[in-house]
Amino acid sequence: MSSIKTIGIIGGGQLGKMLAMSAQQMGFRVATLDPSADAPARSVSHTFIQEPFSDKDALIELCEQSDVITYEFENIDGEILNHLTAHYHIPQGAETVLTLQNRTAEKAAIKNSGATVVPYESVQSNKDIESFASTHDYPVIVKTDSGGYDGKGQYFIDSEEALQSVNIPFDDADFIVEKYIDLKAEVSLTVGRNTKGQTVFFPLQENLHIDQILYRTTVPSRFNYQEQASIEAEKIMEALHFVGVFTIEFFIDQNDNLYVNEIAPRPHNSAHHSIESCNYSQFDIHIRAVLGKKLPEIELRTPALMMNLLGKDLTNIGENLYNQDNWHVHVYGKTENKPERKMGHVTVLTQDISRSLHELRPFFKSAT
Ligand code: ADP
Ligand code: MG
C-alpha cells in the first residue's frame, strides 16, 4: 500500500466533489476546504474545513491533516500558496497556477512557448482599445486580467460607438483587449501529466458555449485537430510545469486557424464526459498523476454528448430528470438554484451524436 492515506483538496465545488469520489473509490481518505457550507464536496469528504481560501491557518490545518494536497480552486493567494508549497507536499506547485491567475501573464507565457494566441494587448483606457482596434478592427473583447470565469468581467465591443457606451471599470482592475474571432468551433484538449513527467491525452472535445458558459461538449470532435492541439500542448508543457490534469481551450476560426484561448490547471467541465465515455475519467487521472502513479493510455470507448444542467435547465426538466433511459445524471448538490449556475450535467453515450442532440434539445430549450 502507498504511504499516502489522506488527499487534501483545496476547493469543494463540483470539481472537488468528483475528485473526492475518485479518490475515495481508490481507497484514500479525503479532506476538503471550502468557504461554503453547502460545498458539493462536503458530502463525500471524510473531513471538511469550512473557511475562506484566504485563511492561511485553515489551509495549514488542511495540509497538516493530509499526505498530499491538490487544488481545484485556482485563485489562491500567491503568498499563501508559496508558503504551503514550501512546507507541504503539493505536486501541482505554485508557479504555474500563479502565472495562469493573470490573463496577461498567461497569454504571454503561451505566446512565448511558441503556441498561437489571438492578438491581444493590455489596456488601461478606451483610447488604448481604439488604438488596438485601429490595427485589428472591431469586434474586440475586453476581459479582466484576473478573477473572471464563465464570461464574467468580459465586454464585447463591435464598434467605436459601442465602446463609448460601455463603462469599463479601469480604475478597479487591469484589463486586456483581444480580437473577437468569428468562430467556426471551439475545442479543448485535456492532458494528464504525473510527477515523473509521463503524459497522456484525452480525446479532443468540441465545445459549444452560450452566453460564454459551456452549454455542451461532444467527443470525438468533428474537427480533426487532435494532433495539432497536442503539438500546441507539448510546447506549453515545455514552458510551464504541470502536474495533474489540465485543459487547453482552443478557438478555430473561419479560415481553420487554431488558437489557444486559455488553460485551466485542474479538471475541466469539458472533460466530464470522460467519467462514462473513457476507460479512465479525468478525475481518476488527476489523482493518479498527483500521486506520481503510472498513467494509463486514455481510450475513448464510445462517442458521447455532455450537456450542462444550469439552474434554469433543472427547473425546466423537473421530474423528467431521472426518467430518461440513456442519461447519466450528475447533480452536484448545491442547495441554491440560480438560473445560470452550474447545478449538474448529463452525459449521453451515443453512436449518433446529431440524433441524440435532436432528442435532448427540447429539455434544454431554456438555454438557447
Ligand atoms: P472564461 O475565463 O470566462 O472561460 P474565456 O476567455 O474562455 O473566459 O471566454 C469564454 C467564452 O467566450 C469562450 O469560450 C468563447 O465562447 C467566448 N470568447 C472569449 N473570447 C473570445 C474571442 N476572442 N473571440 C470569440 N469568442 C470569444
Ligand atoms: Mg474559458
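This is a predicted model: local features need pLDDT of at least 70, side-chain atom pairs count only at pLDDT 80 or more; totals for chains, interfaces and linings use all residues.
Phe-246 forms a stacked aromatic pair with Phe-242, at 3.8 Å centre to centre and 15 degrees between the planes; rings of Phe, Tyr and Trp (its six-membered ring) pair if their centres lie within 6.5 Å, and planes under 30 degrees apart count as stacked, over 60 as edge-to-face and the rest as tilted. Phe-242 is likewise buried, at 3%. A tilted pair is formed by Trp-327 and Phe-364, with 6.2 Å between the centres and 40 degrees between the planes. Trp-327 lies in the loop between helix 11 (311-317) and strand 16 (328-331), and Phe-364 in the segment after helix 12 (353-360), so the pair ties together parts that are 37 residues apart in sequence. Trp-327 is buried at 11% relative accessible area, and Phe-364 is buried at 0%. The structure holds 7 aromatic pairs, and Tyr-155, Phe-170 and Phe-175 form one aromatic cluster.

Local features need pLDDT of at least 70 and side-chain atom pairs count only at pLDDT 80 or more, whereas totals for chains, interfaces and linings use all residues; side-chain values use heavy atoms, with hydrogens and water left out. Residues are numbered from 1 along each chain as its sequence is written, and chains are lettered from A and ligands numbered from 1 in the order in which they are written.

An open sheet of 4 strands shows antiparallel pairing in the order 5-8-6-7 (strands, E, of at least two residues and helices, H or I, of at least four are DSSP runs numbered from the N terminus; two strands pair if DSSP finds at least two bridges between them). Strand 5 (120-123) and strand 7 (154-157) stand at the edges with a single partner strand each, so one side of each is left without a neighbour in the sheet. Strand 5 pairs with strand 8 (residues 175-179) over 4 bridges, and Tyr-120 has Glu-178 in strand 8 as its bridge partner.

The magnesium ion (ligand 2) is coordinated by Glu-249 (OE) and Glu-262 (OE) at 1.9 to 2.4 Å; donors are N, O and S atoms within 2.8 Å of the metal (3.2 Å for Na, K and Ca), and water is not among the atoms, so sites may look incomplete. Glu-249 is buried at 12%, whereas Glu-262 is partly exposed at 23%.

Technical notes
Buried means under 20% relative accessible area, exposed over 50%, partly exposed in between (1.4 Å probe, protein chains only).
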